[in-house]
Amino acid sequence: MKVQGRMFIWLAVFILIMAIVYGVWSKEPAGTTALFLAFGLSVMIGYYLAFTARRVDVGAQDNKDADVADDAGELGFFSPHSWQPLSLGFGGALAFLGVVFDWWLLYFSAPIIMVGLFGWVFEYYRGENQNQ
């Protein structure tokens with residue numbers, strides 16, 4: 001985490017320099033404001049990572065002699081089979097077609113998205129996959 005914290009702090013310094021240069025040369029408030037906001041976000045992320053790195057154990061990414069396998073571990077549970085992403089994809093495609101053609105398509109896509117999302121969240125609460 002120390003490496004990532006330093007990277008974000010150096011990125012924040014670079015963005016600050018570019019924001020100042022851009023603001024002086026362009027005199028355009030929207031882009032200058034966006035760059036200063038990006039600077040603030042980079043500082044917040046860098047500070048959080050540096051602050052957290054002091055309080056947790058040293059990770060494999062902080063050890064120069066570490067192997068890739070040293071950082072391996074439990075990644076979580078991923079569903080081996082699920083039909084819910086298909087319904088979410090279909091509902092999302094229909095919703096974006098509603099933006100293209102007309103907003104009334106959202107009345108048809110919203111229930112499909114809700115059913116897919118509900119099914120995806122609760123698919124391991126009932127049925128044959130309940131104990132996984």
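Met18 lies in helix H1, where helices (H or I, at least four residues) and strands (E, at least two) are DSSP runs numbered from the N terminus. The structure is a predicted model, in which local features need pLDDT of at least 70 and side-chain atom pairs count only at pLDDT 80 or more, whereas totals for chains, interfaces and linings use all residues. Residues are numbered from 1 along each chain as its sequence is written, and side-chain values use heavy atoms, with hydrogens and water left out.

Met18 counts as partly exposed because its relative accessibility is 34%; buried denotes under 20% relative accessible area, exposed over 50%, and partly exposed the range in between (1.4 Å probe, protein chains only). Met18 belongs to a nonpolar surface patch that also includes Trp10, Phe14, Trp25 and Phe36, with about 1200 Å² of accessible area together. Helix H1 (residues 2-26) supplies the largest share of this patch, 11 residues. Patches consist of residues with over 30% relative accessible area and no salt bridge, like charges being joined within 9 Å and nonpolar side chains (Val, Leu, Ile, Met, Phe, Trp, Tyr) within 5 Å. A salt bridge is a side-chain nitrogen of Lys or Arg within 4 Å of a carboxyl oxygen of Asp or Glu. Accessible areas derive from the Shrake-Rupley method with a 1.4 Å probe, and for residues only the protein chains shown count as cover.

Val3 is likewise found in helix H1 and, at 36% relative accessibility, counts as partly exposed. The loop between H1 and helix H2 (29-53) contains Lys27, a non-glycine residue with a positive phi of about 55°. Lys27 counts as exposed because its relative accessibility is 68%.

The unreviewed UniProt entry annotates residues 7-25, 31-51 and 107-125 as "transmembrane region"; UniProt positions follow the numbering used here, feature names are shortened, and annotations may be inferred rather than shown by experiment. Over residues 31-51 the chain is 100% helix and 0% strand, with the end C-alpha atoms 30 Å apart. For residues 107-125, the corresponding values are 79% helix, 0% strand and 28 Å.

Met114 is located in helix H4 (residues 106-121) and counts as exposed, at 53% relative accessibility. Met114 and Gly91, 23 residues apart in sequence, have a C-alpha to C-alpha distance of 8.7 Å.
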